[in-house]
Each structure stands twice: as structure tokens, then as C-alpha cells.
Amino acid sequence: MVQWVYGFGGGTADGKASMKDLLGGKGANLAEMCSLGLPVPPGFTITTEVCALFYELGRKYPDGLDAQVEAALAKVEAIAGKRFGDAANPLLVSVRSGARASMPGMMDTVLNLGLNDETVEGLAKLSGDRRFAFDSYRRFIQMYSNVVLEADHGLFEEILGAYKDSNDYRLDTDLTASDWEEIVARYKKAIARELGQPFPSDPKEQLWGAVGAVFKSWMNDRAKVYRRLNDIPESWGTAVNVQAMVFGNMGDTSATGVAFTRDPSTGAKRFYGEYLINAQGEDVVAGIRTPKPITKIAREEMGEGGLSMEEALPEVYGQLVEVYKKLEGHYRDMQDIEFTVERGVLYMLQTRNGKRTAKAALKIAVDMAQEGLITKEEAVLRVDPQSLDQLLHPTIAPDYKRDVVCVGLPASPGAAVGKVVFDPDEAADLAQHGEDVILVRDETSPEDIHGMHAARAIITARGGMTSHAAVVARGMGRPCVSGSMEMRIDEKAGTFSARGRTIRKGDVITVDGSKGEVLFGAAAMVQPELSGDFAQLMAWADSFRKLKVRTNADTPTDAKVAREFGAEGIGLCRTEHMFFEDERIAAVREMILATTRDGRVAALAKLLPFQRADFVGIFTIMGDLPATIRLLDPPLHEFLPHTEEDVEAVSKATGLDAKALLARSRELSEVNPMLGFRGCRLAMAYPEIYDMQVRAIFEAAVEVAKATGKVPTPEIMIPFVLAKRELTILRARVDTVAKEVLSDAGVSIPYLVGTMIELPRAALRAAEIAEEAEFFSFGTNDLTQTTLGVSRDDAGKFLPTYVDAGVFEKDPFVSIDQSGVGELIQIATERGRSARPALKLGICGEHGGDPASVRFCAESGLDYVSCSPYRVPIARLAAAQAALRRG
């Protein structure tokens with residue numbers, strides 16, 4: 001019979017850390033901690049396979065699961081010395097999710113399960129604390145009703161708030177045992193009224209209700225969004241962990257907390273975390289109360305009052321330090337741990353590899369390699385290439401005069417500017433329309449995930465450094481200031497106030513997540529310095545990778561940035577971008593309006609000095625590194641005004657005839673320009689366009705070679721080719737112009753002529769095209785469009801539906817469609833190299849900066865990828881990881 005349930009506790013476990021796929025991260029690590037001899041409350045894990053079957057069977061459980069759960073529960077009872085549902089000696093349990101990959105706050109949890117009107121009396125008697133028992137009972141009703149019965153969370157907040165107001169209570173801790181008894185009665189009455197049925201009192205019914213709710217939460221909206229953002233497959237499913245409760249809310253010798261074995265924001269090697277005396281774990285992670293630092297030094301650095309855990313519970317703190325050292329040494333990675341102290345006794349509830357900022361990930365990986373805890377290869381594999389994006393953007397200028405609105409905790413580093421919004425839906429909507437927004441909330445919840453992702457930064461009035469907002473923001477690379485208790489938010493009015501001033505929705509503010517400050521206005525920014533740990537890790541990465549990384553750069557500025565980020569050449573220089581500048585566009589339009597070849601040549605002669613100067617700038621920066629220059633690609637009508645108003649304006653500015661402009665614009669207009677008169681088709685009709693561009697390239701190369709002593713390596717790319725004959729004709733013209741320029745200058749410049757593979761036919765006819773082409777560059781943006789029959793500009797209307805439905809695993813314009821577009825690339829690679837073994841191959845679409853696409857390119861035998869300047873480090877690291885994984 002298939003084993004659906006794995007037990008742990010009492011120093012033994014059925015599972016182990018390597019069984020994450022089956023037990024989920026939480027279940028596997030609970031089992032491992034048990035085997036390490038750490039104090040873990042007993043429990044059991046229902047496997048991820050049951051989650052898959054739960055959906056296959058129409059939200060029903062497989063046969064035999066109930067018997068396995070009963071048997072596992074009996075073992076927990078034996079270890080704990082309590083009985084589930086027993087009125088005199090009740091066993092209470094928590095029911096939590098646990099996916100293979102950490103998804104903090106995305107799925108559901110129920111605590112204190114097993115309480116009813118009888119067992120609460122038993123708990124009160126056993127604990128000797130009636131207030132604690134009824135506080136636990138009301139928490140259970142509230143959580144179970146929200147998670148399992150789907151009652152609105154606000155219903156309970158309203159009841160509790162009204163009761164506190166009527167009794168002049170300010171804090172939850174002001175309520176007595178009799179107060180909590182009254183709250184319990186009111187909660188149950190509200191549930192019966194709202195749902196038309198009483199709150200369930202049978203512990204077994206409660207347990208199966210909670211297990212089902214956790215499995216259902218795998219498919220809730222916030223979990224789907226999180227999986228999509230973090231590339232977590234839906235097929236993985238979640239496990240369910242049922243574990244004996246231990247209580248951090250049993251008085252001043254009890255506590256609960258979350259800690260990290262190293263600082264998750266900076267990566268510093270120091271114990272870091274927060275705790276709350278007399279509280280349950282959800283109080284910390286949900287940001288309901290603002291916790292205190294665990295260590296004395298952190299409390300002093302933050303200027304906090306009260307006592308750290310190190311000061312308040314020194315003996316337990318010492319035990320916790322030993323545990324964290326043991327866990328980090330065992331897992332060889334920074335750990336995120338959850339713990340509870342029940343009347344002076346420490347219990348470990350979770351350990352997992354901690355989420356961290358990109359800066360922290362770099363430091364931790366490099367430090368651990370230098371400490372000998374991991375190898376350099378492991379260090380390179382530890383850092384998510386995509387996360388480097390967090391390091392490659394501006395921070396606030398040090399000399400900027402800060403107008404501080406309020407301060408809070410520095411929950412996630414970095415800086416961002418945007419307009420204030422209070423609603424996550426509005427944040428997502430404005431961001432979709434190109435607005436930079438800052439999401440301001442009392443506290444965030446998992447339902448806010450879409451708004452948090454859309455926002456440039458996040459601010460919360462409540463919550464600590466390990467609250468939902470802080471953890472999610474760090475994972476997303478969003479700056480975050482949490483627990484700004486001086487803020488007062490009025491969401492209805494669309495304002496927040498602090499320090500005597502009011503900030504309104506739409507006002508521009510700056511968030512400094514590194515300092516925990518919120519500033520009024522748009523702060524000046526500076527570029528980051530990529531040295532230290534970054535430079536070390538990238539040096540290791542470069543020593544392992546085989547795939548070259550180039551950049552897409554159209555200007556000397558782009559080329560300079562890319563070189564600083566380690567680009568090894570230019571993989572795509574789009575010459576048409578140079579045509580749109582004011583002093584050039586008139587000559588371009590004059591060329592388009594010309595009715596004779598001589599007229600076009602005369603207009604192009606005006607453009608030649610500009611093109612040459614552009615290439616001089618680029619070649620100077622790139623030195624002798626290769627530079628692939630794509631000759632004119634877009635259709636000519638893109639350079640012309642389209643409305644009568646625009647035509648009149650252009651006519652006045654340039655002196656060109658308005659009627660002729662409008663007539664030519666209409667004449668060149670196409671129904672589907674993406675597949676129309678563009679690329680090499682323009683040069684077949686008007687070869688003088690490419691003649692001018694090629695002349696500019698070689699004259700610039702000669703000038704730079706003479707001036708600098710470094711010989712440029714131009715690679716002339718002819719776009720949108722579908723047949724060998726096109727390339728034969730156009731290559732001959734390139735060679736003729738190159739020979740003429742180089743002969744006149746008496747200089748030798750090595751160069752290649754190749755093509756961009758953007759059409760399925762070109763990929764299929766690669767063998768014959770390679771007879772003329774010395775290199776192929778796969779233009780994956782257009783190749784994806786032409787292969788799928790999907791316009792990138794319109795795909796947003798339906799592609800998300802296709803991804804959700806499993807037609808595509810990811811957006812094919814973000815990550816290469818490996819089974820379709822990818823197969824064409826592999827076909828072209830194989831056929832092209834069969835005709836020309838030394839054929840150079842690369843890609844230059846946006847996919848060049850996507851780690852999964854980079855790995856595909858490495859596996860397919862390409863020579864290089866090319867991406868935007870700021871994604872060059874991402875591609876370098878992804879290429880190194882691809883090489884290491886291939887062995």
C-alpha cells in the first residue's frame with residue numbers, strides 16, 4: 001500500500017531532508033530536525049502526492065488515507081502524552097501547508113485545532129491559566145472560520161474592536177479570561193448567523209476540514225500569482241503538516257519568534273531575528289504586533305526599548321544559539337527558523353533555507369565559500385541570476401537633502417520613487433499603465449501580492465522585519481519600510497499622516513529601504529558600485545562558464561554600461577534607432593520621399609556622417625571586441641508622420657512638402673508591417689540604403705583603428721532573410737563597399753557577414769543560407785512571433801490565460817518556447833553547422849537575459865547570448881550555472 005503519511009517526533013522520523021519533493025520543504029526539514037535530536041513537537045506529514053490526487057479525484061481523498069492519519073495521530077498522542085478530543089487532557093494541533101519551494105504566507109494555516117467548549121476547560125485546568133485557554137480558543141475560531149469556513153476576517157475584527165472600545169481597552173493583552181469567554185460566545189453566534197450553521201465542535205471534523213482547506217489553498221489566487229512570479233510548477237502540489245501545538249502565549253516565560261542564522265538583508269554573519277513574549281507565531285509573521293529584536297546588540301543599534309530575547313530569556317536564548325549553529329552547519333546554508341518557548345522550554349517548529357536579498361545572497365555565498373563551508377562552484381549555483389537585477393539599479397545619492405516624512409524598520413534594501421497608492425488593485429492597474437507607484441498599507445496580507453509586485457516599493461505602518469511585507473518584498477527585490485508606527489493611514493480619505501504633515505494619494509515619495517526612511521518628493525539617485533562580493537562571485541562565474549555574453553547596445557552610452565557589466569562584445573546594434581534623432585530624421589524622410597536613386601543617394605549622403613560618428617563612438621568603447629551591427633530593419637513608414645496634424649508639423653520644421661509626406665506615408669502603409677516591406681527586402685529594392693550603412697561602418701572602423709591602435713571587429717548582420725539568394729546578392733554589395741573603403745584607407749579590418757534568423761523558413765533552410773552566412777544570430781523576439789503566429793504587442797490579452805491553462809509553462813516572449821521556437825533553433829544550428837562547421841551562433845532577442853533561455857542556448861551549442869546592458873551580469877551567472885549543471 002502506498003504510504004501517504006510520514007510521522008516524526010520523539011527523536012525519530014519516517015522522512016528526511018532529501019524527501020522535499022514528497023514531504024514538502026517544511027515536512028522534510030521537520031523530519032531532519034527530529035533525526036538531529038532537536039526539540040521538535042511530534043506530528044505527521046500528508047504527502048504532496050495526496051494533493052495531486054485530491055484534485056484528480058474531484059477534491060476527494062484516496063482510499064486508505066483516513067486509516068493512515070488515524071495511526072499517525074495515535075503515535076503523536078503517545079509521544080505527547082495527550083489525547084485528541086479528550087476533555088481532560090486534550091491534544092491540540094496545528095495544520096500547515098508545506099510546498100517543495102518556500103511560499104511564505106501564500107497558503108493557509110490553522111492553529112489550536114481541537115478546541116471546543118469541553119477541551120477548552122481541560123486546557124484551562126492543565127495550564128492553570130483560564131485567560132490563555134480562552135485566548136487560544138478565540139484565535140482558533142477566528143482562524144478556522146476564515147480559512148476553512150471562508151468567513152470574512154473583518155467580521156471578527158469588528159466584534160473584537162467594538163468590545164474593546166466599549167470596555168475602554170486599547171490592547172488585546174488588556175482583556176481578561178472572562179472577556180475572552182464573552183468574545184468566544186460572540187464569535188460563535190456570529191458564525192451561526194452568517195453561515196447558517198454552528199461552528200464545528202468535533203475535533204476530527206475540524207481536522208479534515210483544515211486538511212482540505214490547506215490542499216485547496218494550493219490553487220488560491222495569491223498562490224497562483226506567487227507560483228507564476230517564482231516559476232514554481234502547479235504540478236508540485238503542497239504537503240500538509242499536522243503537529244502537536246506548543247504555546248508561546250502562556251505568560252512571561254513563553255515566547256515565539258522567527259530568526260535567521262545570518263542577516264537576510266545584508267548577509268552579515270550575525271544572528272538576526274525577532275520575538276514576542278506571550279504570543280503565538282502568527283502574531284510575528286502576520287505583523288499584528290511589532291516584535292522585539294532577539295539580540296541585545298540589535299536592540300541597541302535600533303534604539304529599541306524593552307528587552308531583547310537575549311536579555312529576557314538568557315538561558316533559552318543560549319540554547320537557540322546552539323541550535324542555529326548546528327542547523328547552518330548541517331544544511332550548509334543560511335537558515336530561516338521558527339521557534340516557540342513554552343514556559344521556558346524551547347521547541348523548533350521549522351527550518352528552511354532563508355529567503356534573502358540579492359546583496360545578502362552574494363555575501364552569504366562568497367563568505368561561506370571563503371569559510372570552507374561550501375565550494376566556489378556551490379557558491380555560484382547558490383545565487384539566483386534573476387535576483388542580480390536588484391543590484392543593478394540606482395540608490396539615493398549620498399548628498400541628497402532628505403525631507404523625511406516618517407521612519408520605520410529597514411525591512412528590504414534599495415530605493416525607489418513613485419506615487420502613493422493605498423489599494424493593491426489600484427497599484428497593479430496604474431503600474432500596467434506605466435506609472436511608478438509606492439504601495440502604502442497598515443499591514444500587507446497574502447491577498448496583496450499582485451499589488452506588491454506591481455509597486456516599486458512598499459510601506460507598512462505595522463509589522464516587523466519578518467512580517468509578510470518584509471519577507472515578500474525581500475524576495476521580490478522591492479525596497480520596503482515596515483512598522484512605521486508614527487504613520488496614521490486613512491484609506492478612505494486616501495491619505496497618511498506623520499510628524500504633523502499629510503501625504504495624499506498621488507503624491508510622489510521616495511522609499512529608502514536600507515535606512516527605513518520615507519522621503520517626500522523624488523530623490524536623486526546614483527548608480528551602484530559592483531565590486532566586492534559581486535566582483536568575486538562574477539569572477540568565479542566567468543571561470544566556469546563557456547557561453548560568451550554580449551550586449552544589445554545602440555549607443556556609446558549603452559556600450560559603456562555593458563562593458564562595465566562585463567559584456568564581451570555587441571550582439572545587436574540596431575542602426576535604425578540612430579535615425580530618429582532630430583537632426584537626422586529630416587534626411588531619412590527626404591530619402592524616403594525621393595523618387596529616384598540619385599535623390600535617395602543624395603539624402604543618404606547627409607546621413608553618412610552621423611552614422612559614421614555613431615560607429616566611431618561604439619567601436620572606440622568596444623576596442624577589438626566583436627560588434628554585430630544589424631542593417632536597417634523596420635519598414636520605412638515608421639519614419640514618417642501618419643496624421644495630418646503631424647504631417648503639417650513636420651512640413652513646417654523641415655520644409656518638406658506636406659502633401660508629398662502624407663501621400664508617401666499612405667503609400668507605404670501596410671496591413672501587417674511586421675511581415676511586410678522590411679529588413680533585407682528594403683535593400684533588395686533600395687540597395688543604396690545598406691551601401692551607405694556599410695560604408696559608415698568601415699570608415700568608422702578605419703578611423704578607430706588608426707586613432708587607438710585597436711582594430712574593431714565588425715560583424716555585418718543582414719536581417720529578415722528567408723532565402724540564400726537574398727544573402728548572396730546583398731553580401732556581394734557589402735564586400736564591394738568594404739573592399740573599396742579598406743583599399744582606399746590602406747587598412748585591413750577583419751569582418752564577418754551573417755544574418756538574423758527570424759523566420760521559420762530561414763531556420764529550415766539554414767544549411768544553404770550558411771553557405772553565404774558566417775554567423776547566425778537568432779532574433780528570438782520575431783522568431784517567436786512568426787513561429788507561434790502571435791503578435792507580441794497583442795499577446796497580453798490572452799497569453800496569461802494560456803499560461804494559467806498550461807498551454808505554455810511561461811510567457812514565450814519572456815522565456816524561450818523550447819519545444820517550438822527552441823526546436824527551430826536546434827534545427828538551424830545543426831543544419832547550419834553541417835554546411836559551415838565554424839558557423840558562429842548566438843541569440844539577440846530579449847531572451848538573452850532570461851536564465852532559463854540562457855541555459856537552453858548553452859545546451860544547444862550556441863557560442864553567445866546577447867541581452868540589454870543591465871542584464872549582462874544575469875546572463876553571465878546563468879551561463880556559469882548552465883556549464884556547472886552540465887558538468
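Which elements each supply at least two residues of the lining of the largest cavity? I found that β6 (93-99) and β8 (238-244) each do so, where strands are DSSP runs of E of at least two residues and helices are runs of H or I of at least four, numbered from the N terminus.

I noted the basis of the entries: this is a predicted model, in which local features need pLDDT of at least 70 and side-chain atom pairs count only at pLDDT 80 or more, while totals for chains, interfaces and linings use all residues. Residues are numbered from 1 along each chain as its sequence is written, and side-chain values use heavy atoms, with hydrogens and water left out.

I took a cavity as a set of points, on a 1 Å grid over the protein atoms alone, where a 1.4 Å probe fits but cannot get out, with lining residues having an atom within 4 Å of a point. Grid points are joined across faces, edges and corners, and volume is the space filled by probe spheres set on the points.

I counted two cavities of 30 Å³ or more. The largest holds about 110 Å³ and is lined by 14 residues, with Arg96, Met245, Val246, Thr340 and Leu349 nearest its centre. I sorted this lining into six nonpolar, seven polar and one charged residues, counting Ala, Val, Leu, Ile, Met, Phe, Trp, Tyr, Cys and Pro as nonpolar, Asp, Glu, Lys and Arg as charged, and the others, Gly among them, as polar.

The second largest cavity holds about 40 Å³, and its lining consists of Pro687, Tyr690, Asp691, Val694, Leu730, Arg733 and Val734. Two or more of these residues come from each of α26 (687-708) and α27 (724-745), and α26 gives the most, with four.

Notes. 1 Å grid on protein atoms, 1.4 Å probe; cavity = no way out; pocket = protein on both sides within 12 Å on 5 of 7 lines; lining within 4 Å.
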